[in-house]
Amino acid sequence: MRLSLLASAEPLQAARYLAMRRPGSRAHRLPAGLGSWPARRRNTLRYVFTHSAARSVLGDWSEAAATSVANLRHRTAADPDAPDLCSIRDELAAASADFRLLWDRHDVRPRRSGAKTFRHPAVGDLVLAHQSWHLDDSSVRLSLYQPEPGYEDRLHLLTLGTGVAGSPG
């Protein structure tokens with residue numbers, strides 16, 4: 001298991017992130033609109049393909065969509081009959097032509113780390129390094145996001161954490 005991002009996480013920022021994740025906090029409402037869904041429906045893959053805000057929140061929606069589907073194929077290859085994976089695949093195939101096109105490409109690759117760009121209405125683009133780990137053999141995933149090295153994205157996150165930028169919507 002690669003722990004490079006976890007090993008480099010700044011303790012103060014990690015603590016601030018965890019504090020901001022409490023229900024009702026500004027960070028809890030990101031990405032836009034996901035907090036309005038019932039908890040059992042909150043799923044990044046579902047968000048990418050079915051939420052109207054996803055294309056404006058994700059800096060490169062096409063890449064996020066392709067990577068998400070390839071990761072679902074990777075997870076499905078390991079357990080083709082997993083009810084949760086079959087269910088989300090069938091739901092998205094029925095709901096999204098974009099999902100169907102990407103699924104038919106048969107790309108398979110895990111998504112464990114990289115950089116993601118999020119567009120925030122108050123501070124603009126945020127480029128965050130991310131790393132994910134699946135806990136045990138369950139569908140529970142731990143994801144760590146932190147700014148890439150550089151002053152601007154760190155400042156934007158601090159601005160959001162203090163509430164200076166206003167509500168993200």
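**Exercise 1. Is Phe99 buried or exposed, and what is its relative accessible area?**

Solution. Keep in mind that this is a predicted model.

Step 1: find the residue. Phe99 is part of helix α7, which covers residues 97-103.

Step 2: read off the accessibility. The relative accessible area of Phe99 is 0%. Buried means under 20%, so Phe99 is buried.

Step 3: look at the neighbours. Leaving out residues up to four places away in sequence, Phe99 touches Phe49, Val69, Leu72, Arg89, Leu92 and Ala93. Take Val69 from that list: Val69 and Phe99 are 30 residues apart along the chain, and their C-alpha atoms are separated by 7.3 Å.

**Exercise 2. Work out how the rings of Phe49 and Trp61 are arranged, then do the pair Phe49 and Phe99.**

Step 1: count the pairs. There are three aromatic pairs.

Step 2: take Phe49 and Trp61. Their planes make an angle of 75 degrees, with 5.8 Å centre to centre, and the pair is edge-to-face. Phe49 belongs to helix α3 and Trp61 to helix α5 (residues 61-78), so this pair ties together parts twelve residues apart in sequence. As for accessibility, Phe49 comes out at 10% and counts as buried, while Trp61, at 12%, counts as buried too.

Step 3: take Phe49 and Phe99. Here the centres are 5.4 Å apart and the planes stand at 85 degrees; planes over 60 degrees apart count as edge-to-face, so this pair is edge-to-face. It links distant parts of the chain, with Phe49 in helix α3 and Phe99 in helix α7, 50 residues apart.

Step 4: Phe49, Trp61, Phe99 and Trp103 are joined into a cluster by ring pairs.

**Exercise 3. Which charged ends sit over the rings of Trp61 and Trp103?**

Solution. Go ring by ring.

Step 1: for Trp61, look to Arg55. The charged end of Arg55 sits over the Trp61 ring, 3.6 Å from its centre.

Step 2: for Trp103, look to Arg73. The charged end of Arg73 sits over that ring, and the distance to the ring centre is 3.8 Å.

**Exercise 4. Find the salt-bridge partner of Glu91 and say which helices the pair links.**

Solution. Start with the total, then zoom in.

Step 1: the whole structure holds six salt bridges.

Step 2: one of them joins Glu91 to Arg46, with the closest N and O atoms 2.7 Å apart. Glu91 sits in helix α6 (residues 83-95) and Arg46 in helix α3 (residues 44-50), so to speak distant parts of the chain, 45 residues apart.

Step 3: check both partners. Arg46 is buried, with a relative accessible area of 9%, whereas Glu91 is partly exposed at 23%.

Step 4: widen the view. Arg41, Arg46 and Glu91 are linked in a network of salt bridges.

**Exercise 5. Compare the accessibility of the partners in the salt bridges Arg89 with Asp90 and Asp107 with Arg105.**

Solution. Take each bridge in turn.

Step 1: Arg89 and Asp90 meet at 3.1 Å, N to O. Arg89 is partly exposed at 21% relative accessibility, and Asp90 is partly exposed at 43%.

Step 2: Asp107 and Arg105 meet at 2.8 Å, N to O. Asp107 is partly exposed at 26%, and Arg105 is partly exposed at 48%.

Definitions and conventions. Residues are numbered from 1 along each chain as its sequence is written. This is a predicted model: local features need pLDDT of at least 70, side-chain atom pairs count only at pLDDT 80 or more; totals for chains, interfaces and linings use all residues. Side-chain values use heavy atoms; hydrogens and water are left out. A salt bridge is a side-chain nitrogen of Lys or Arg within 4 Å of a carboxyl oxygen of Asp or Glu. Helices (H or I, at least four residues) and strands (E, at least two) are DSSP runs, numbered from the N terminus. Buried means under 20% relative accessible area, exposed over 50%, partly exposed in between (1.4 Å probe, protein chains only). Contact means heavy atoms within 4.5 Å. Rings of Phe, Tyr and Trp (its six-membered ring) pair if their centres lie within 6.5 Å; planes under 30 degrees apart count as stacked, over 60 as edge-to-face and the rest as tilted. A charge sits over a ring if NZ of Lys or CZ of Arg is within 6 Å of the ring centre and within 35 degrees of the ring normal.
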